[in-house]
Amino acid sequence: MDKLKKAIKILAVLLIALIIFFKIEEIADCITSFKAKVFSVMENPENTENLSLTDVDFSVYTPLADEEGAWYCNNPIVAHAGGGYYGKTYTNCLEAMRLAVENGINVIEVDMVVTSDNQIILKHDWDEDEDGNDIVLSHKEFMSSAIERLYTPMDIYSLFELMNSYDELYIIVDVKAPLEVYELLAEAARDTDNLELMDRFIIQLYTRDSISQIKEIYPFPSLLYTLYVSGDRDFNAIAAFCLENDIHVITMPVGWAASYEDELKVFNEQNVHVYVHTVNDIQTVIDMNGRGISGFYSDWLRPEDLRKVGLLSD
């Protein structure tokens, strides 16, 4: 009898493990949605249901017109952190980015940090010591160590080389210290005669008031406004900001798009494209596309996956 009970327990554990394995993406999306709601409560504890939206007279504006050949017109998939590679995410490695391009992805989001000797490398964040302090490496230390002991690390110069190899490749820059990184990016492009590549860097604004500082560094032609850092959810004011500054794309957590469906309609009305992060299952893409969402940061999805469900034409 004891053996039977033990066997039943083992089978139950295996069954639960299988359910979690096959539903892990759905669970991840639920967690994202839950986190978005938690953040909403933390930032606006007295009003968790209704957003405080600025009253904007949109009749004085003209909806944005898509720029001919713009990156956001036919690129609904953005490879997140270089794209997933052999089960690994956030590698920002050369092999992952090459695979993304081979899979038909022309927009890759990369993470950038600055080394101890002021060089840009592609890394999500630094490891920490026992006291929680960043262990900041030199450029040589980082570039001489394989990612996950297997893959090729990237710096800004190897990223320039990759972009020169694929002339349709656009790079979305995600950084922790934007002004410092954008200054070094512009400087590296000038020093290596790669200023023409700046047209294919998509620079993220993390706050609305940072746009003037960014433009002082370099007249980057492609800007997008990402909301996850500031928690900005005044969607009417954000739409007006985009119209006034010719910003065609915003990004937000996928949970926000699920929570604020009606409030987000202002972006469709003003032809501001909304991308969400991070989505790894096709059903969420289908649902979000039905709500007017234009694009998806993803570790694993490819344009071919969208073609199979009729969301992208050849």
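In the predicted model, the side chains of Ser298 and Asn280 are joined by a polar contact of 3.0 Å, a term that denotes a pair of N or O atoms within 3.5 Å, where, within protein, one must be able to donate a hydrogen and the other to accept it, and where residues adjacent in sequence count only if both atoms are side-chain atoms. The side chain of Ser298 also reaches the backbone oxygen of Val279 at 2.7 Å. Ser298 lies in strand β9 (residues 295-298), strands being DSSP runs of E of at least two residues and helices runs of H or I of at least four, numbered from the N terminus. With a relative accessibility of 1%, Ser298 counts as buried, that is, under 20% relative accessible area with a 1.4 Å probe and protein chains only. Beyond its neighbours within four places in sequence, Ser298 is in contact (heavy atoms within 4.5 Å) with Val78, Ala79, His80, Thr278, Val279 and Asn280.

In helix α3 (residues 94-102), the buried residues are Leu94, Ala96, Met97, Ala100 and Val101. Seen down the axis of α3, these residues fall within an arc of 165° and so line one face of the helix, the arc being that of the directions from the helix axis to the C-beta atoms. They pack against β1 (77-79), β2 (107-114), β3 (120-122) and α5 (156-165).

Residues are numbered from 1 along each chain as its sequence is written. Because the model is predicted, local features need pLDDT of at least 70 and side-chain atom pairs count only at pLDDT 80 or more, while totals for chains, interfaces and linings use all residues, and side-chain values use heavy atoms, with hydrogens and water left out.

Methods:
Buried means under 20% relative accessible area, exposed over 50%, partly exposed in between (1.4 Å probe, protein chains only).
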